[in-house]
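This report is a guided reading for someone who is meeting the structure for the first time. Please keep the sequence and the 3D view at hand while going through the sections below.

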Amino acid sequence: MNPAQPFTSHVAVRDGRIVGAGSLQELEGWGPYTLDERFAEKIIMPGLVEGHSHTMEGMLWRHHYCGFFDRTDPDGLQHPGLNSIDRVVEKLQLVEASLTDPAAPLSGWGIDPIYFDNRRITRHDLDKISGNRPIGILHASVHIMNVNTRALEMAGWFCQGMDHPGIPLGEDGLPTGELKGPDVMTPVGVHIGFSRDFLDCDAQGLREFSRLCVRQGVTTATDLASRMQEDSVETSRQLTAEPDFPVRIVALKFNHGHTPEELVTRAMELKQQTTDRYRTGMIKIVADGSIQGFSARLNFPGYYNNAPNGLWYIAPEQLLQIYQLSLKQQIQVHTHTNGDEATDLVLDMMEQALRASPAFDHRFTIQHAQLANAAQFRRIASLGLCVNLFANHHYYWGDEHYRLSVGPERAERMNACRTALQNNVPMAIHSDAPITPLGPLFTAWNAVARKTCSGRTQGEYERITVNEALHAITIGAAYTLKLDGEIGSIEAGKRADFAVLEEEPEQADALENMKIWGTVQDGRIFKASDI
Amino acid sequence: MDEYSRQVTYDQIPVTVVGGYLGAGKTTLINTILHQANNYRLTVLVNDFGELPIDAALIRAIDGNVMSLTGGCICCSYGNDLSAALMDILAEENLPDHLIIETSGVALPDAVANNLSLFNRVRLHNILVLADVETVCVQARDRYVGDTIDRQLRSAYLVLLNKTDLVTAESLENTQRWLKQKYPQQRQLQCQYAHIPLHVILDIHLPDSIASPERSQSQPIQTTETATGKSKHDTSVFNAFSVRIAGICDLAALLEILRDPASGLLRAKGYVASAPHTHALLQVVGSRATAIPLADAPPPDLQGR
């Protein structure tokens with residue numbers, strides 16, 4: 001990723017840093033060395049940087065994977081996708097049969113009914129697994145859950161007259177077992193093995209997440225919406241400092257539940273606590289919801305199926321205040337927007353904030369910006385903002401967006417990587433793991449191919465080249481985290497962070513199913529199969 | 001300070017949802033409520049403790065996100081997770097007499113109210129939406145939050161037009177007219193510094209000093225007559241009175257009268273006999289009037305009041 005030296009044969013490493021990259025002859029001048037040839041037949045590229053992920057994926061694997069697509073767990077085991085509700089039920093029946101405690105809950109994760117032609121799962125499906133045991137499955141979106149009758153009984157909700165938009169009812173007037181939204185998921189979740197804080201990540205979960213990183217060639221990953229309570233910060237700092245912890249975590253403080261002043265004050269405190277492998281001091285704001293969930297805020301003409309506009313999670317004044325305080329205190333802010341109206345709000349508030357607190361090189365980043373149009377990208381560029389686009393989205397939800405949420409024209413321009421690059425907007429691309437699987441090379445492939453899972457190409461114009469995509473998952477992402485001086489390319493002085501691949505990544509096809517040997521992080525070598 | 005009698009009857013805890021955009025005065029209202037609490041055990045759920053200017057003298061202890069106040073009141077910040085906070089409160093041994101939930105400036109109070117139906121230990125009593133009389137008209141046209149404010153106002157049982165001291169009488173009238181036109185079913189109330197007597201917004205009986213026998217109309221009302229309890233609506237003083245309804249009452253007719261915005265009725269509570277040996281509890285909270293059948297007859301001194 002060094003434009004001056006795109007390919008080379010050797011890299012010299014000392015004390016976790018790159019002494020130099022070049023030919024053996026060029027590097028010999030540095031002095032005595034040992035030659036490590038284990039990667040002679042492999043490809044070393046800069047360690048991949050995941051600029052939008054959540055370490056909670058490490059926790060989710062405690063539950064049983066029920067997704068449509070194959071997915072690899074922290075142990076390296078590939079779990080085959082389940083392509084129908086019957087398959088999901090069969091898998092969980094097998095698990096159920098192996099359980100010794102008759103009262104223990106059974107929990108799954110990763111499903112999405114849109115892959116079942118939107119045939120909704122009901123409690124009757126899950127009752128086939130067990131009538132006595134509380135059972136539930138979390139959807140891939142993490143925003144919906146399906147439970148069985150027993151779980152509903154335990155929550156006291158298996159009765160007539162339940163009246164809540166998040167609890168759909170069957171023709172019998174009883175809940176179907178689908179639970180939409182955190183307000184209804186929390187009270188039932190506890191009965192099926194999802195603790196109230198299931199979005200948080202404990203030490204074991206962080207370890208599991210780090211193992212996933214090694215398998216995917218990731219050497220720096222974000223935990224992009226952490227509550228960052230004191231004890232969990234301390235645990236994370238200690239864990240990441242362990243000699244064999246293989247990844248650098250960049251943790252951002254989530255804004256919910258804090259006033260702007262509290263939030264920025266806390267971020268400033270956290271900035272003082274940053275360590276080499278647990279970087280802290282940045283803020284994450286969520287402005288609106290999701291497009292496929294119809295909770296994103298859209299400009300005219302709104303949702304394709306005429307669904308009402310979505311929800312704000314922050315008021316304009318609060319957003320402005322956070323930006324202003326943060327610019328003043330040099331705290332970097334990342335803001336989630338999915339709808340274009342939400343993106344406009346960020347742009348308007350940033351403009352005002354910058355007039356009041358001018359700052360150069362703030363690199364505030366818009367996360368997702370899925371529906372941003374060309375005019376918005378021009379404003380993004382002029383305001384010095386970066387974007388991190390959700391390139392994985394067209395694979396997993398592209399057909400949904402085309403048919404239902406935004407319609408063909410806007411679906412084709414969602415996650416507009418080409419437009420971003422044309423307007424010189426610093427760009428990264430991401431998975432938002434666990435929403436989609438961690439795997440920057442696959443994300444890169446998505447930005448290049450823009451294929452939906454039904455095989456259609458969605459938005460030919462916005463496709464980018466392999467080189468541009470590889471740039472986005474290394475130095476591009478590093479730039480949005482202000483780490484581009486330390487990581488993202490193989491050059492003298494930078495961290496010895498590498499992804500070790502079995503094949504050349506220059507071919508688009510290679511990216512889709514790239515075999516990864518492992519990583520080198522701060523000069524330490526991690527073989528995926530040993531992790 | 002007046003003494004309020006403790007909550008009678010059903011064991012569901014009444015909940016008042018307090019909504020409204022930023023700067024409308026929600027926090028001031030919460031503070032007002034806590035200062036008037038007296039013997040009442042109130043639990044208040046707030047989005048964040050941030051700007052809650054609670055008198056240091058009132059605070060007994062702070063433990064994480066729970067602030068214990070003198071007199072048994074509790075203030076709890078629920079951050080992002082209202083369901084979890086409700087679960088915690090309902091798991092406690094000592095339950096509050098009344099629960100107040102302050103929502104964030106962009107939250108939809110009706111969505112929050114919906115969540116209460118998930119817990120059978122609580123029931124929705126009131127949705128109060130505050131509006132800053134100086135700015136609400138403009139905010140309702142804001143390109144970003146206009147539709148959110150509209151939904152907030154639409155969902156209110158009672159709209160509190162706050163900060164009337166900051167506008168001229170004419171401006172106030174214009175705003176009131178605009179509100180009436182857009183939301184004809186809504187009840188409005190004006191106030192300054194969010195100062196409102198508790199009995200208007202919470203589910204408590206009128207203090208005896210207000211609803212005293214000397215002030216009540218003593219003529220019994222027959223079934224076929226309509227009750228004509230129109231209260232005069234003064235901007236700074238409420239008219240409160242109590243009415244005795246003897247005999248059997250035509251509930252449907254009575255409810256229709258109570259629901260009519262022209263009555264100016266903001267709050268009412270009482271017991272009527274809807275049929276021989278059948279009693280109902282009538283509640284009027286802003287624009288909502290409901291009659292709940294009672295299993296047992298209320299005490300004789302409350303019957304027909």
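## Helix H12 of chain A and its surroundings

In this predicted model, H12(A) is followed by A:Gly384, a residue whose phi is positive, near 75 degrees. The helix itself spans residues 374–382 of chain A, and within it A:Gln376, A:Phe377 and A:Ile380 are buried. These residues lie on the same side of H12(A), because they cover an arc of only 100 degrees around the axis.

What do the buried residues of H12(A) pack against? Their partners in chain A are H11, strand S16 (365–368), strand S17 (386–389) and helix H15 (417–422).

Since A:Arg379 lies in helix H12 of chain A and A:Asp348 in helix H11 of chain A, the pair ties together parts that are 31 residues apart in sequence. A:Arg379 counts as partly exposed at 24% relative accessibility, and A:Asp348 is partly exposed with a relative accessible area of 23%.

## The nonpolar cores

The largest nonpolar core has 152 residues, and those with the most contacts inside it are A:Tyr323, A:Leu441 and B:Leu153. Helix H11 (residues 340–356) of chain A supplies the largest share of this core, 8 residues. Leaving aside residues up to four places away in sequence, A:Tyr323 touches A:Ile285, A:Val333, A:Thr335, A:Val346, A:Met349, A:Met350, A:Ala353 and A:Phe364.

Another core, of 30 residues, lies apart from the largest one, and among its members are B:Ile33, B:Leu42, B:Leu128 and B:Val200. In soluble globular proteins, nonpolar side chains tend to be buried together.

## Strand S13 of chain A and its two neighbours

Strand S13 (residues 248–254) of chain A is mostly covered, with 7 of its 7 residues buried. It pairs in the parallel sense with strand S12 (residues 218–226) of chain A over 5 bridges, and in that pairing A:Thr222 stands opposite A:Val250 in S13(A). Between S12(A) and S13(A) the chain passes through helix H8 (residues 230–241) of chain A, and this β-α-β crossover is right-handed.

S13(A) also pairs in the parallel sense with strand S14 (residues 278–286) of chain A, over 5 bridges. Here the bridge partner of A:Val250 in S14(A) is A:Arg279. Together with helix H9 (residues 260–272) of chain A, S13(A) and S14(A) make a right-handed β-α-β unit.

## Salt bridges in both chains

How many salt bridges does a search of the whole structure find over all chains? The search finds 42. One network of salt bridges links A:Arg248, A:Asp276, A:Arg277, A:Arg279, A:Glu486, A:Arg495, A:Asp497 and A:Asp522.

Elsewhere in chain A, the side chains of A:Arg119 and A:Asp125 meet in a salt bridge at 3.0 Å from N to O. A:Arg119 is partly exposed, with a relative accessible area of 39%, whereas A:Asp125 is buried, with a relative accessible area of 4%.

In chain B, B:Lys182 forms a salt bridge with B:Asp150, and their closest N and O atoms are 3.7 Å apart. This pair ties together parts that are 32 residues apart in sequence, because B:Lys182 lies in helix H6 (residues 169–182) of chain B and B:Asp150 in helix H5 (residues 146–155) of chain B. B:Lys182 counts as partly exposed at 34% relative accessibility, while B:Asp150, at 18%, counts as buried.

Technical notes:
Residues are numbered from 1 along each chain as its sequence is written. Chains are lettered from A and ligands numbered from 1 in the order in which they are written. This is a predicted model: local features need pLDDT of at least 70, side-chain atom pairs count only at pLDDT 80 or more; totals for chains, interfaces and linings use all residues. Side-chain values use heavy atoms; hydrogens and water are left out. A nonpolar core is a set of buried Ala, Val, Leu, Ile, Met, Phe, Trp, Tyr and Cys residues joined through side-chain atoms within 4.5 Å. Buried means under 20% relative accessible area, exposed over 50%, partly exposed in between (1.4 Å probe, protein chains only). Helices (H or I, at least four residues) and strands (E, at least two) are DSSP runs, numbered from the N terminus. Contact means heavy atoms within 4.5 Å. The arc is that of the directions from the helix axis to the C-beta atoms. Two strands pair if DSSP finds at least two bridges between them. A crossover is right-handed if, with the strands pointing away from the viewer, the path from the first strand over the helix to the second runs clockwise. A salt bridge is a side-chain nitrogen of Lys or Arg within 4 Å of a carboxyl oxygen of Asp or Glu.
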